There are 2 protein chains.
Amino acid sequence: MPESTPNAQSSADLLISAAERVVVRQGISNVTLESVAAEAGMSKGGLLHHFPSKDALIRAMVERAAANWVTCYESAYAQTPEGPGRMARAVLGHCLSDAECWTDELRSSSSAVFAALAQNPTLIEPMRAAYAKLHEYIAQDGLPEGVSETVVTAIDGLWLDWVLGLVPLDQARVVRVRRALSELLKQHGAPVQAMDAAGCAKVHGTRNA
Amino acid sequence: MPESTPNAQSSADLLISAAERVVVRQGISNVTLESVAAEAGMSKGGLLHHFPSKDALIRAMVERAAANWVTCYESAYAQTPEGPGRMARAVLGHCLSDAECWTDELRSSSSAVFAALAQNPTLIEPMRAAYAKLHEYIAQDGLPEGVSETVVTAIDGLWLDWVLGLVPLDQARVVRVRRALSELLKQHGAPVQAMDAAGCAKVHGTRNA
DNA sequence: TGACACCGACCGGCCGGACGGTACAGTTCC
DNA sequence: GGAACTGTACCGTCCGGCCGGTCGGTGTCA
């Protein structure tokens, strides 16, 4: 039973990681069954043995990325003290804490979303559901209307500006926006804890650079 | 000189608008020379007469969208009273004012960006430059570090969440975030003027629904 | 007659997917 | 123990279709 050996990853997981790497390195238009299979050191026939179609492959990419994202913010939530703005503080404190987070976890989510966008927009559904769940937390976060929402929306803006290439990655900008958002929360009586950079990496499931 | 007749649009402009419509209605993967030409009521050969390659077509899409965006925020800036946070107030007051703006101007920018992303990521350069210019204004907006930046970043987040389909379009959410951002600006001594819904439509160049 | 806008047939390449294999690791039966 | 069988993972070839781009036209207006 190969699954029980340490660090074992299923062929499906290896193929998904390979697809993410192809998106990041070669762009969406180069995501073909052949290129993904080659990246994973497998033949196209082998890939199609695990995923019966390209849609199925990309669906699996999105599902994994969405699950990682839910794990990320729910884990951060669990580590954050109770009180008003708990989810806003969680996301701000744990999912925006240092540059490592951005290149690892978020790259993989964005790969999946863009691959889905290009292949078949309905495939982003799992990621949409992950966001819907986050916004449920946000809606009952206990702060005045729109405050927690603004925090997570601004973080989304940072992330998407970056991955789309609209604004170059600038860690100083991340820090400035984080400070402004922290102050916004503090003014509403929801002070953000000191950042825990290590905590960010810990909650991410992806380990496939 | 056909250019001088009222409401005249060059064939190139008509083709760009057709390409945007194809992106919105049929998705990026269906943006082919044939589909764009058909949407514009022209043959593929005709399209290639105006744009020698698909890259050239998409480059033109991005250039037009970027120019519209620059016009949008610079026009808003010109209409906004001087003082700290002028550009933040401008963008918040004029580029986020009602639902019409979102479906018209921003859809077209996003179409161009996504088409470029799929075709050849280097083609987004003009839009990147438009953002760089905006961030120059923002950097010397006269508010404490990160405040104006947070405003425009949150607006980007709203826009991109929407066009990517991560969060459904919800005008109430737009209003809530706008209020929170307005309050943030007010707390820094930069009160946003009353919204002028009509002012938004006026600054947009695209008239091609 | 020639410049310009446009047409439409065609080509070459790529890509998704189908399919018929092969290798090999159990399991069953004698 | 070993022969026969079974299922799983994977390979390599092929096909049909689509798509970007070329090219030799045609109509029209000055």
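Student: Why are helix H4 (residues 54-78) and helix H7 (residues 125-139) of chain A called roughly parallel?

Tutor: This is a predicted model, so read every value as computed from it. The axes of H4(A) and H7(A) cross at roughly 15 degrees. Angles under 35 degrees count as roughly parallel. The crossing falls under that cut-off, so H4(A) is roughly parallel to H7(A). The two axes come within 8 Å.

Student: Why give both an angle and a distance?

Tutor: Two packed helices are described by the angle between their axes and by the distance between those axes.

Student: What is the hand of the crossing of H4(A) and H7(A)?

Tutor: Right-handed. H4(A) brings Val62(A), Glu63(A), Ala65(A), Ala66(A), Trp69(A), Val70(A), Tyr73(A) and Tyr77(A) to the contact. From H7(A) come Pro126(A), Met127(A), Ala129(A), Ala130(A), Lys133(A), Leu134(A) and Tyr137(A).

Student: What classes of residue make the contact of H4(A) with H7(A)?

Tutor: There are 13 nonpolar and two charged residues, with no polar ones. Tyr and Trp count as nonpolar here.

Student: What makes helix H1 (residues 11-26) of chain A roughly perpendicular to H4(A)?

Tutor: Their axes cross at roughly 90 degrees. The range 65 to 115 counts as roughly perpendicular. The angle lies in that range, so H1(A) is roughly perpendicular to H4(A). The axes come within 10 Å.

Student: Which residues of H1(A) and H4(A) meet?

Tutor: On H1(A), Ala12(A), Leu15(A), Ile16(A), Ala19(A) and Glu20(A). On H4(A), Leu57(A), Ala60(A), Met61(A) and Arg64(A). By class, this contact has seven nonpolar, no polar and two charged residues.

Student: How do you know how helix H5 (residues 86-94) and helix H9 (residues 171-187) of chain A are oriented?

Tutor: Check the angle again. H5(A) and H9(A) cross at roughly 160 degrees, with axes that come within 11 Å. Angles over 145 count as roughly antiparallel. The value passes that cut-off, therefore H5(A) and H9(A) are roughly antiparallel. Their crossing is left-handed.

Student: What builds the contact of H5(A) with H9(A)?

Tutor: Ala88(A), Arg89(A) and Leu92(A) in H5(A) meet Arg178(A), Leu181(A), Ser182(A) and Leu185(A) in H9(A). The classes are four nonpolar, one polar and two charged.

Student: Now the two chains. Why is the relation of chain B to chain A that of a two-fold axis?

Tutor: Chain B superposes on chain A by a rotation of 180 degrees. The shift along the axis is 0.0 Å, and the RMSD is 0.1 Å. That is why the relation is that of a two-fold axis.

Student: How do you know through which surface the copies meet?

Tutor: Compare the interface residues. In chain B, 100% of them are also interface residues in chain A, so the copies meet through the same surface. The contact joins 38 residues of chain B to 38 residues of chain A.

Student: Which helices of chain B supply at least two residues of the side that touches chain A?

Tutor: H6 (99-119), H7 (125-139), H8 (147-164) and H9 (171-187) of chain B. H8(B) gives the largest share, 11 residues. By class, this side of chain B has 20 nonpolar, 10 polar and eight charged residues.

Note on methods:
Residues numbered from 1 in each chain as written. Chains lettered and ligands numbered in written order. Predicted model: local features only at pLDDT ≥ 70, side-chain atom pairs only at ≥ 80, totals over all residues. Axes fitted to C-alpha atoms, helices over the stretch in contact; angles between N-to-C directions. Helix = DSSP H or I, 4+ residues; strand = E, 2+ residues; numbered from the N terminus. Left-handed = near helix turned anticlockwise from the far one by under 90°. Contact = placed C-beta atoms within 7 Å. Least-squares fit on C-alpha atoms with pLDDT ≥ 70 in both.
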